[in-house]
Amino acid sequence: MFRAGERVGVAVSGGPDSVALLRALCDLKGELGILPGVVHLNHGLRGAESADDAEFVAELARSLGLEFVLETVDVRALAAASGENLEQAGRRLRYEFFRRLIGEGRFQKIAVGHTRTDQAETVLFRLLRGAATAGLAGIYPVLEGTIVRPLIEVERPEVLDYLRAIGQSWREDSSNQSRELARNRLRHDLLPQLAKEWNPEITPALAQLADWARDEEAYWRVEVEQLAGRYFRRQGRVVYFEAPKVADLAPAVQRRLLRHAVELVRGDLRGIDFGHIEQIRALATMGEGHGRAQIPGVDGFRSFNQMRLAPIGTGAGLEGRNFSLCLTIPGSYDVAETQSRFLFHLSQREGGHQEYNERLAGLDWERTPRPLWLRNWRPGDRYQPVGWGGPEKLKTLFQERKVPLWERRHWPVVASEHAVVWARGFGAAAELAAGPESRTVLEITEL
């Protein structure tokens with residue numbers, strides 16, 4: 001957890017765990033080669049009691065000859081503004097404080113006082129809420145390489161014995177006794193009952209479960225990263241994949257992979273539970289067709305065999321999709337909606353011939369009506385591509401080619417005032433396509 005020469009900020013609330021951590025690290029600073037300091041975040045939730053905690057910690061730092069860093073925040077007001085509960089907001093603000101101190105270079109590590117008893121409480125709390133192995137991994141001994149928990153193998157009774165042995169006082173947080181908080185009920189009522197009636201070693205058993213789950217997560221993290229590279233295609237925060245390929249995987253792998261996809265879209269997994277992943281998995285494993293599932297922060301869309309996971313608000317509907325550019329030929333046009341560039345080039349050919357693939361198409365320029373527009377397809381658009389027996393709606397062509405619904409949104413076509421003369425993926429209109437007799441050819445290239 002530590003390297004010689006590092007400055008370590010010890011997060012001290014005034015409670016027994018953090019005070020014991022500070023005293024232990026001070027005793028060991030010569031052996032470890034570290035330079036400890038004290039950091040304290042006053043949440044301002046308990047009025048004078050919070051202020052007294054801050055003064056206690058400041059006096060402790062002075063008595064040990066250590067640097068003291070204090071910050072005061074109004075957690076209640078900030079929680080109300082963010083919509084978080086007090087516990088969530090307090091934790092976020094604490095860790096933002098720690099990361100800022102590290103980012104400013106004041107400390108290389110921040111040490112916090114979580115114990116094995118905290119670990120057991122966390123694992124049981126998450127188990128009761130239906131967590132999978134990621135949640136059961138509990139409290140990590142090292143977080144982000146900079147936040148460390150040296151007491152994670154020590155139980156709270158050992159902490160109290162140590163403090164009494166060295167004659168060190170501490171502060172008691174009165175809110176820790178309130179049965180209104182679920183964690184307090186678990187700490188003071190449920191865990192003692194389980195230890196008495198079911199397993200006297202419940203705390204180490206739950207801590208061992210966390211160790212097991214953490215190792216599982218470490219293994220799967222590497223595996224899933226490799227699988228994501230094989231199965232996913234990403235555009236920013238949008239993830240695409242072929243549903244049948246994912247459906248062929250074992251359910252355990254499906255869940256891991258789809259959970260990772262959700263994290264890529266959202267940036268985190270807060271508020272995502274087993275049921276949410278199952279909604280996405282049901283969409284990926286259903287028979288061919290169209291479907292949609294929305295979970296917190298993620299819009300899951302299936303079209304034919306393709307899946308698209310995107311942040312909510314970047315839907316595949318038709319709203320706000322239209323673009324239209326009047327063309328000057330020759331010329332080039334960047335189209336933000338398609339994230340591509342279109343080149344329009346006139347070429348002279350002796351005994352001309354038609355060229356066409358997915359990127360290049362040729363129109364007989366002398367027969368092509370003008371002016372021309374580059375625009376997205378519109379409902380009702382129809383034309384006859386080369387090789388088709390008659391005119392078809394573009395919607396029918398999309399269905400024939402199994403073009404996913406979200407890809408149709410900005411599908412580019414070139415049109416005259418009255419008709420489509422070219423469409424991406426389908427090429428030139430049959431009656432205007434360049435042929436052996438064409439002398440001037442309009443080449444359309446999408447880059």
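## The β7-β8-β11-β10-β9 sheet

An open sheet is built from five strands in the order β7-β8-β11-β10-β9, with antiparallel pairing. At its edges stand β7 (233-235) and β9, and each has a single partner strand, so one side of each is left without a neighbour in the sheet. From one strand to the next the twist averages 15°. The model described here is predicted.

Within this sheet, β8 and β11 are paired in the antiparallel sense over four bridges. α12 lies across β8, β9, β10 (298-303) and β11. Relative to β9, α12 runs at about 165°.

## The largest nonpolar core

The largest nonpolar core of the model contains 29 residues. Phe232, Val239, Phe241, Leu257, Met307 and Leu309 are the residues with the most contacts inside this core. At least two core residues come from each of the helices α9 (202-231), α10 (243-247), α11 (251-266) and α12 (274-285), and from each of the strands β8 (238-242), β9 (291-295) and β11 (306-311). The element that gives the most is α11, with seven residues.

Phe241 illustrates how these elements meet. Once its neighbours within four places in sequence are set aside, Phe241 is in contact with Tyr231, Phe232, Val246, Leu258 and Ala284, and also with Asn305, Gln306, Met307 and Leu309. Another core, of 21 residues, lies apart from the largest one. Among the residues of this other core are Leu21, Leu66, Ala111 and Val159.

## Helices α1 and α7

Helix α1 (residues 16-32) and helix α7 (residues 156-166) have axes that come within 10 Å and cross at roughly 60°. The two helices are therefore oblique to each other. The crossing in which α1 passes α7 is left-handed.

On the α1 side, the residues involved are Pro16, Asp17, Val19, Ala20, Arg23, Ala24 and Asp27. They meet Arg156, Val159, Leu160, Tyr162, Leu163 and Ile166 in α7. Of these, Val159 is also one of the residues in the core of 21 residues.

## Helices α3 and α4, and Ala89

Helix α3 (residues 75-82) packs against α4 at an angle of about 105°, and the axes are 9 Å apart. That angle makes α3 roughly perpendicular to α4. From α3, the residues Val75, Arg76, Leu78, Ala79 and Ser82 meet Leu86, Ala89, Gly90, Arg92 and Leu93 in α4.

Ala89 belongs to helix α4 (residues 86-103). With a relative accessible area of 0%, Ala89 is buried. Apart from neighbours within four places in sequence, Ala89 is in contact with Val75, Ala79 and Glu84. Both Val75 and Ala79 are in α3. Between Ala89 and Leu64 there are 25 residues of separation in sequence and 31 Å in space, C-alpha to C-alpha.

## The β12-β16-β19-β20-β21 sheet

A further open sheet has five strands in the order β12-β16-β19-β20-β21, again with antiparallel pairing. Its edge strands, β12 (324-326) and β21 (427-428), each pair on one side only.

The pairings can be followed across the sheet from β12. Three bridges join β12 to strand β16 (residues 373-376), and the two run antiparallel. Here Leu325 stands opposite Leu374 in β16. On the way to the next strand, β16 is joined to β19 by four bridges, also antiparallel. Leu374 stands opposite Val414 in β19.

Strand β19 (residues 412-415) is covered on both faces. Pro412 and Val414 on one side are buried, as are Val413 and Ala415 on the other.

β19 is paired in the antiparallel sense with strand β20 (residues 420-423) over three bridges. In this pairing, Val413 has Ala423 in β20 as its bridge partner. Together β19 and β20 form a hairpin, with four residues between them.

Key:
Residues numbered from 1 in each chain as written. Predicted model: local features only at pLDDT ≥ 70, side-chain atom pairs only at ≥ 80, totals over all residues. Heavy atoms only, no water. Core = buried A, V, L, I, M, F, W, Y, C linked by side-chain atoms within 4.5 Å. Buried < 20%, exposed > 50% of the residue type's maximum accessible area, 1.4 Å probe, protein only. Contact = heavy atoms within 4.5 Å. Pairing = 2+ DSSP bridges. Axes fitted to C-alpha atoms, helices over the stretch in contact; angles between N-to-C directions. Parallel < 35°, antiparallel > 145°, perpendicular 65-115°, else oblique. Left-handed = near helix turned anticlockwise from the far one by under 90°.
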